[in-house]
Every structure is written in structure tokens, then in C-alpha cells.
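This report goes through a model in short sections. Please look at the sequence and the 3D view first, then read on.

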Amino acid sequence: MDLSELERDNTGRCRLNSPVPAVCRKAPCALGVDEAGRGPVLGPMVYAICYCPLSRLTDLEALKVADSKTLSESERDRLFAKMEEDGDFVGWALDVLSPNLISTSMLGRVKYNLNSMSHDTAAGLVQYALDQGVKVAQVFVDTVGLPETYQKRLQQCFPDIEVTVTAKADALYPVVSAASICAKVARDQVVKNWQFVEKLQDLDIDYGSGYPNDPKTKAWLRKHVEPIFGFPQFVRFSWRTAQSILEKEAEVVTWEDSPTEEDQVGHGKITSYFNEGHRTRPRLPHRYFQERSLESATTL
Amino acid sequence: MESSDEEDVVKYRVHLRPITLRNAAPATLHFLPCEIPVNRPAPVERFFTPAIRQGPRGLEVSFRGRSLRGEEVEVPPSLVGYVMRMEEKGEVSGKQDFPEGSEDEEEQELLEPPEALERDFDRFMGASASFSRFTVWGLETIPGPDAKVRAALTWPSLAAAIHAPVQED
């Protein structure tokens, strides 16, 4: 899998695809959608689609594709290579969402949560296949969140396609298994060859599985926390694990949209309106200075 | 500005080390849309600078997992930017303050007579860097022409105008 484009710039997202087999533009196809790297606090999330003509599903099954989680890394690599060999009837496409994109989306002023991101990415990949001329007749998706709402959402996007969203789709449908293998192979490769944007000193690449509950991953996070910048962009800042390490071991950062103490405790007691007490207000500077955040340098 | 108890305010006489203004090396500055209530060095060159991208809509970077959009702001003509640093009490400045002869009038004005120095309330500050431009970053959006800092840069020329002597007709 050629991920050189991603290695050049891994701060955003990157789409990667096989050539579209000619037969997939003529015969109705089944298309599977699956993801890898949803849970980890490190590295990208990879979405993949895999498709083949309905008439060739048995050939795909004959490759003995299975849910990527039940396969070893070498088995996944071998199966992906086989799918490449069968490029005359099996096609795939990937969307790699960098950890930086995940962080900035989830921590945006308008929060874009991981489920919505997942749903939109999946829909984007199905649309991509349609744009390439693939005759998609059926779509099978391993669910993220409630299958009913996800199914409804996808069915609305693609009214002419028969959409099936279900849990364990990666074990039930070979096209979904194939997609899960593509996603997992890509994710593993990206994580293994991660090009750190930052110039890090004594970088330790033994970060474990990347899952928040992995002690190796936790130790890696603690080792690489930087008091001002926090973590390298390889880390998903929006993850609870990352946030709690930052709270303990990095400097506090306050943004203009951070909740203030006033927001949290309300605006004081109602009796304060009847109090004659503190009537002396600080003299505010002229609006000209307030609008420019200019203050007299009374302290240094 | 927070302190309303006048008694708590310690008064200092602040002296500028004029020679530091001439020797201040140009620095790259980033103005972030957040507050970090500490004063300490940060590895900007290792963490921040390499992550800056030129996007279709200006400069892009992220800080602490939040997306920033930035643009360059020039210091207005006739002004110079300095990063000022207060010397710790008792800290001995490596550079002597009174180089022979070469003072121009403005600097002469800033200098205190030598015997006035090093009293309890004397503090010294000097420029640690200079700049003629800096990058202003906005949270998810380009700060744009209405950015507070741009408006703030118009104050020196207004201040000069309102403090200038009025010519009588």
C-alpha cells in the first residue's frame, strides 16, 4: 500500500484507492464499509470500502477473508496482497483521518463528534465509489452508534441503494471483512511509519497498541508530554486519557470560549441586588482602550 | 489591573537598558488566541513552527488540539517592536549601560544618572529581541482586519497626534 502522500503531510486527511475494476462499472456490486483505529488515543482513524460484483462474492469469500480482528497482522497482510492480485474484480478505497483532524474537529467551537465524523466519512466513501462509476447495488456497514439512526442516515443519502447497517457486519459479510482488512492494514502501516511533524528529542517509538488502557501507551503519553504544547500531533488531544494527563502535567491553557468560573457558578445570589454593599465600581478605561484590549502598564 | 488594594502595590522605578535596544536580535513571534498563565521558554521551533501549513485560506496550525488560522501583521512604519524582559533583582547585566560617547538625545533622556541606580526600588528592563512583523492566530478563523491587536497598533499614532502641541492660528 503506497502511503507516501500521507507521509508527506499527515495533518489532515488523505484518500487512497485501488484502480476501479472494469467489471465493477458494468455489473451490480456489493460494497462493504468498515473502520480501524476508532478507539486508540494515538494515530489516525482509517475508513475503508471494498466492493466487488454480486456475481463474484463467492470468489471473494473463497479468499477466506474474515473479520480483521480475528486475524494476525501477517494474515491480514497476506489477504490484502491477495485482494490486490484479484484487482480485476475487487476494488477498495480508504480515507485516513489524521489524529490532528480528529482532535481539531472534536475540540472545535462547534463540536463535531466521532460518530458524525464516522458517518460522514463512510457516506463520502460510498459517494466516491459512485462518482468513479461503480454500480453500487448493496451497501453493508458495520455500525457505529445505533444501527437504526446510522441506517436511516445512509439510506437517505443513497435512496437507490439497498443499505444494511448492523453490528458484527465485519464477521457476517465478506465485503465488510475485506474492508476491515484494508482499513487495519493501512492503519498499522501508518502508525508504524508515522512521520512526526515535531522535531522530538529522544523519541520512543514503543507506544504499545495506542489504546488508552494499554499501560505502554499511557507510559508513552506521560513521557512525551510537553508543558506548553502538550503532545505531538500523533496524539488525539480530544481523548479523555490525553486530557487528564495534560491537566496534571502541562500548563493550563484558557481559550476565549473556555467556560469561565462565572459561567459555572451563575451570577451570584439574588440578594446581591438588594445589597448596598460593594457599590464602588472600578473605573473602566474609555471604550477605545477596551475595544483594543489596551491597559496601562501599572505592573510589570 | 486586578489589584485594587493600593497598599499592596510596590512602586518601582524602572530603568531601560538602552544598549539592549540596539543589540536586540530579530525574533519570530506568534500571538495565540489563548492564555497560558506562565512565563517560561517553550520549544516553539520544535513543536509549533514545523506544523505550520500554508492553506488555501492563510496559515494553518493547531495548538493543544485546536485549529488555528493565522496571518502576518506588520508593525506600523515608524514603530519598532521589542520583546522586553525585566531583570531579576540583583541580576548583573552583562552589558554596560554607558558606552562612551555614542548616545543620541533620546537615549540620553531615558538614562538615569549613575548615582541613582541600584536603590531598593530600582528595576531594570531590557530588550531581549526585536521584531517588525509577527503572526496573529485566531481560533478557527483568520483574525482579519478587525483583530483587536491590529486596532491596538493604531494607538501610538493617535497618542502622538493628541499629545502633539496645538498650533495656534
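## A surface patch on chain B

B:Val14 sits in strand β1 of chain B, which covers residues 13-16. Helices (H or I, at least four residues) and strands (E, at least two) are DSSP runs, numbered from the N terminus. B:Val14 is partly exposed, at a relative accessible area of 35%. The scale used for this is as follows: buried means under 20% relative accessible area, exposed over 50%, and partly exposed in between (1.4 Å probe, protein chains only).

Together with B:Tyr12 and B:Phe121, B:Val14 forms a nonpolar patch on the surface, with about 250 Å² of accessible area for the three together. Patches are made of residues with over 30% relative accessible area and no salt bridge; like charges are joined within 9 Å, and nonpolar side chains (Val, Leu, Ile, Met, Phe, Trp, Tyr) within 5 Å. Accessible areas come from the Shrake-Rupley method with a 1.4 Å probe, and for residues only the protein chains shown count as cover.

## How the model is described

This is a predicted model, in which local features need pLDDT of at least 70 and side-chain atom pairs count only at pLDDT 80 or more, while totals for chains, interfaces and linings use all residues. Residues are numbered from 1 along each chain as its sequence is written, chains are lettered from A and ligands numbered from 1 in the order in which they are written, and side-chain values use heavy atoms, with hydrogens and water left out.

## Chain B as a whole

Chain B has 5 helices and 9 strands. Along the sequence they follow the pattern β-α-β-β-α-β-β-β-β-α-β-β-α-α. Of the 169 residues in chain B, 34% count as buried. The chain exposes about 11,300 Å², and carbon and sulfur atoms supply 53% of that area.

A contact means heavy atoms within 4.5 Å. Among contacts in chain B between residues at least 6 apart in sequence, 77% join residues at least 24 apart.

## Two salt bridges in chain B

Side chains of opposite charge can pair when their charged atoms come close. A salt bridge is a side-chain nitrogen of Lys or Arg within 4 Å of a carboxyl oxygen of Asp or Glu. One such pair is B:Arg66 and B:Glu140, whose closest N and O atoms are 3.8 Å apart. B:Arg66 lies in strand β6 (residues 66-74) and B:Glu140 in the loop between β9 (133-139) and α4 (148-152) of chain B, so the pair ties together parts 74 residues apart in sequence. B:Arg66 is buried, with a relative accessible area of 7%, whereas B:Glu140 is partly exposed at 25%.

A second salt bridge joins the side chains of B:Arg150 and B:Glu71, at 3.4 Å from N to O. B:Arg150 is in helix α4 and B:Glu71 in strand β6 of chain B, 79 residues apart. Here B:Arg150 is partly exposed, at 27% relative accessible area, and B:Glu71 counts as buried, at 19%.

## A charged network in chain A

Over all chains, the structure holds 23 salt bridges. In one of them, the side chains of A:Arg13 and A:Asp95 meet at 2.9 Å, N to O. This pair links distant parts of the chain: A:Arg13 belongs to strand β1 (residues 13-17) and A:Asp95 to strand β4 (residues 91-97) of chain A, 82 residues apart.

Chain A is divided into domain 1 (4-192) and domain 2 (201-267); the bounds come from an automatic or database domain assignment. Their C-alpha centres lie 29 Å apart. In all, 20 residues of domain 1 are in contact with 19 residues of domain 2.

The two domains bury about 1,700 Å² between them, 58% of it on carbon and sulfur atoms. In domain 1, A:Val41, A:Leu42 and A:Arg109 lose the most area to domain 2, together 39% of what that side buries. Buried area is the accessible area (1.4 Å probe) that two parts lose on being put together, summed over both. The count between the domains is 1 salt bridge. A:Arg109 also forms a salt bridge with A:Glu256, with the closest N and O atoms 2.4 Å apart.
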